[in-house]
Amino acid sequence: MNLKHGSTPWVFIFLLQWLWAGCALAQLPDAVQRVKPSVVLVGTYKATDNPRFRFVGTGFVVGDGLRVVTNAHVTKAAESAGADAPALVVQVRSGASAWTLRQARVLENNHEQDLALLQIDGPAVAALGIGASDQVREGEDFAFMGFPVGGLLGFSSVTHRAIVSSITTMALPSPTSQQLSERAIRSMRSGPQQVFQLDATAYPGNSGGPLFDPRSGAVFGVISMVLVKGTRESALSQPSGITYAIPSRYVSEMLARHP
C-alpha cells in the first residue's frame with residue numbers, strides 16, 4: 001500500500017473502525033442470548049376463540065421485570081369492545097420453546113410516539129437495560145428481534161442486523177395535505193420527534209421489538225413503522241427494505257411517568 005505523507009492517521013482510524021465493527025459482529029450471538037428471554041409475544045386470549053391466542057405484535061420486558069414496552073398500534077389492534085372481548089395478554093418464555101400466558105393491562109398508550117407500556121401479572125421476567133439514544137450516530141451497527149409474520153413462521157424469535165442509515169423526524173412528508181395521516185398531524189403539532197431509519201427489512205409482527213446494541217444488548221430503539229408497497233401481504237413479496245425505530249429516550253420518558 002502506497003501511503004502519502006500525512007495519511008497514516010486516517011488509515012489508523014479506518015483500521016480501528018473496522019476492528020470495532022468486527023468485534024460487534026463477534027459479540028452479537030452473546031447479545032442475542034441475553035436479549036431473547038426478554039422478548040415477548042403480545043396478543044389477545046379468549047377460551048372460545050380458535051385459535052385461543054391471537055398474536056398482534058412483539059414486546060420486550062423492562063424495569064422491574066413486570067413492565068412490557070410495545071407499540072401503541074399493537075395494543076390498538078388488540079382492543080375490542082364489550083364484556084365478552086378477548087383479554088389482552090403477553091406470552092413470556094418458560095423454556096427453550098415453551099411459553100407461559102400472562103394477563104396484561106395498559107398503563108399508557110402514547111400514540112404520538114407509537115409507544116405503549118403494559119403491566120403483566122406473575123413473577124418478574126429478565127428485563128432489558130435502556131441505552132442513551134441521544135448518543136446514537138448514523139452508520140452505527142445494531143440488531144433487532146421480533147416475530148416476523150407472526151405465527152406463520154412459528155413463535156420463534158428472529159434477529160436481524162441493521163445500521164442506522166438516517167436520523168430523521170417522525171412526521172414523514174406527504175405530497176399533498178389530503179395524504180397527511182392523523183398521526184403525522186399530531187406529530188407536527190407536538191413538535192419534531194426523531195426516529196431512526198434502518199437499512200433492514202422488518203415484516204408484520206416485528207412491530208414493538210427492541211433495537212439493541214450487538215455488544216451489550218442494551219435497547220436503543222423500538223421497531224415501529226415499516227414502509228410497504230401496496231397491501232399488507234405484499235410486504236412479503238415486495239419488501240421496501242426500510243424500517244423505522246423510535247429512539248429509546250422516549251421509552252425512558254414513558255417509564256419515568258410510571259415509577
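How many aromatic pairs does a search of the whole structure find? The search finds five, where rings of Phe, Tyr and Trp (its six-membered ring) pair if their centres lie within 6.5 Å, with planes under 30 degrees apart called stacked, over 60 edge-to-face and the rest tilted. Before we look at them, a word on the model: it is a predicted one, in which local features need pLDDT of at least 70 and side-chain atom pairs count only at pLDDT 80 or more, while totals for chains, interfaces and linings use all residues. Residues are numbered from 1 along each chain as its sequence is written, and side-chain values use heavy atoms, with hydrogens and water left out.

Helices (H or I, at least four residues) and strands (E, at least two) are DSSP runs, numbered from the N terminus. Phe53 counts as buried at 12% relative accessibility, whereas Phe155, at 31%, counts as partly exposed; buried means under 20% relative accessible area, exposed over 50% and partly exposed in between, with a 1.4 Å probe and protein chains only. Ring pairs also join Phe53 and Phe155 with Phe55, Trp99 and Phe147 into a cluster.

Now turn to Phe142 and Phe220. Their ring centres are 5.5 Å apart and their planes are at 55°, so the pair is tilted. Because Phe142 belongs to strand E7 and Phe220 to strand E11 (residues 219-228), the pair ties together parts that are 78 residues apart in sequence. Both Phe142 and Phe220 are buried.

Let us go back to the loop between strand E7 (141-146) and strand E8 (158-169), where Ser157 has its place. With 13% relative accessibility, Ser157 counts as buried. Its side chain makes a polar contact of 2.9 Å with the side chain of Arg93; such a contact is a pair of N or O atoms within 3.5 Å, and within protein one must be able to donate a hydrogen and the other to accept it, while residues adjacent in sequence count only if both atoms are side-chain atoms. Beyond its neighbours within four places in sequence, Ser157 is in contact (heavy atoms within 4.5 Å) with Lys36, Arg93, Met145, Gly146 and Phe147.

Strand E6 (residues 115-120) is our next stop, and six of its six residues are buried. Leu115, Leu117 and Gln119 point one way from E6, and Ala116, Leu118 and Ile120 the other way. Two strands pair if DSSP finds at least two bridges between them. E6 pairs with strand E5 (residues 99-110) in the antiparallel sense over six bridges, and Asn110 has Leu115 as its bridge partner in E6. Four residues lie between the strands of this hairpin, in which Asp114 takes a positive phi near 55°.

E3 also pairs with E6 in the antiparallel sense, over four bridges, with Leu118 of E6 as the bridge partner of Val68. Strand E3 (residues 67-70) holds Thr70, which is buried with a relative accessible area of 0%. The side chain of Thr70 reaches the backbone oxygen of Thr58 at 2.7 Å. Not counting residues up to four places away in sequence, Thr70 touches several others, including Asp114, Leu115, Ala116 and Leu118.
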